[in-house]
Amino acid sequence: MSIRLGDTAPDFEQDSSEGRIRFHEWLGDSWGILFSHPADFTPVCTTELGLTAKLKDEFAKRNVKAIALSVDDVESHKEWIKDINETQGCSVNFPILADGDRKVSELYDMIHPNADNSMTVRSLFVIDPNKKVRLMITYPASTGRNFNEVLRVVDSLQLTDEHKVATPGNWEAGSDVVIVPSLQDEEEIKQRFPQGYKAVRPYLRMTPDPKANWSGE
Ligand code: BEZ
């Protein structure tokens, strides 16, 4: 069965570059980003893992733990991590799952046989502290992902969990948001959005980002 948004992220136990991982236990109360890459010692993957390592503080600010995966083994991961650190000027600070038996890849449908029969594609799942899947993206092997976009989506998800808002296209933290159409009670709107709102249309109500201080967290 394929995974859909809102589903509970399947739990698993698997080896990694940092030892055996029991996924749900490892996540604890954090958000999680589980992402697969096609293989160790490949160029695009090397840059992606370097970027993830360098975004450590950004992930920590948002209470997000990252965990990567490929079907190569632990020894290979450990050798590759040395290369990533050296070539990308970083220190890989998150585990890479060694999914040689394809247990996790199959559970999360990360192998797309018509793209490649044996390697995982670039799947990425954002999982919330209730272990629900909140974002899924799939990229081909030849296209590296934009990790600033992943952070942007986490910002949006966390904002919309805290306030009755949604974020418009190309939204960035700090810019205007929309009040969800289900919120119609003017008293509640006043309380939630003391800066008021602009009704472009009755269904399109713009209000300043209710999170006052993104940088000072
Ligand atoms: C890469 O990570 O560079 C890569 C992996 C598989 C196919 C193409 C590129």
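Biologist: Which polar side-chain atom lies 2.9 Å from an oxygen atom of the ligand?

Modeller: That atom belongs to Arg122, at 2.9 Å from a ligand oxygen. The model is predicted, with local features needing pLDDT of at least 70 and side-chain atom pairs counting only at pLDDT 80 or more, while totals for chains, interfaces and linings use all residues. Residues are numbered from 1 along each chain as its sequence is written, and side-chain values use heavy atoms, with hydrogens and water left out.

Two further polar contacts can be described, a polar contact being a pair of N or O atoms within 3.5 Å. In Thr42, an N or O atom of the side chain is 3.0 Å from an oxygen atom of the ligand. Val44 takes part through its backbone, where an N or O atom lies 2.6 Å from a ligand oxygen. On its own the ligand has 260 Å² of accessible area, and the protein covers 76% of this; such areas come from the Shrake-Rupley method with a 1.4 Å probe.

The shell around the ligand consists of Pro38, Thr42, Pro43, Val44, Cys45, Arg122 and Ala141, where a residue is near a molecule if one of its heavy atoms lies within 4 Å of it. Helix H2, residues 43-54, gives the most to this shell, with three residues; helices are DSSP runs of at least four residues (H or I) and are numbered from the N terminus. By class, the shell has five nonpolar residues, one polar and one charged. In this scheme Ala, Val, Leu, Ile, Met, Phe, Trp, Tyr, Cys and Pro count as nonpolar, Asp, Glu, Lys and Arg as charged, and the others, Gly among them, as polar.

As for the chain as a whole, the domain assignment gives domain 1 (13-144) and domain 2 (163-207), with bounds from an automatic or database assignment. The centres of domain 1 and domain 2, taken over C-alpha atoms, are separated by 35 Å.

Methods: Polar contact = N/O pair within 3.5 Å; in protein donor to acceptor, adjacent residues only side chain to side chain. Helix = DSSP H or I, 4+ residues; strand = E, 2+ residues; numbered from the N terminus.
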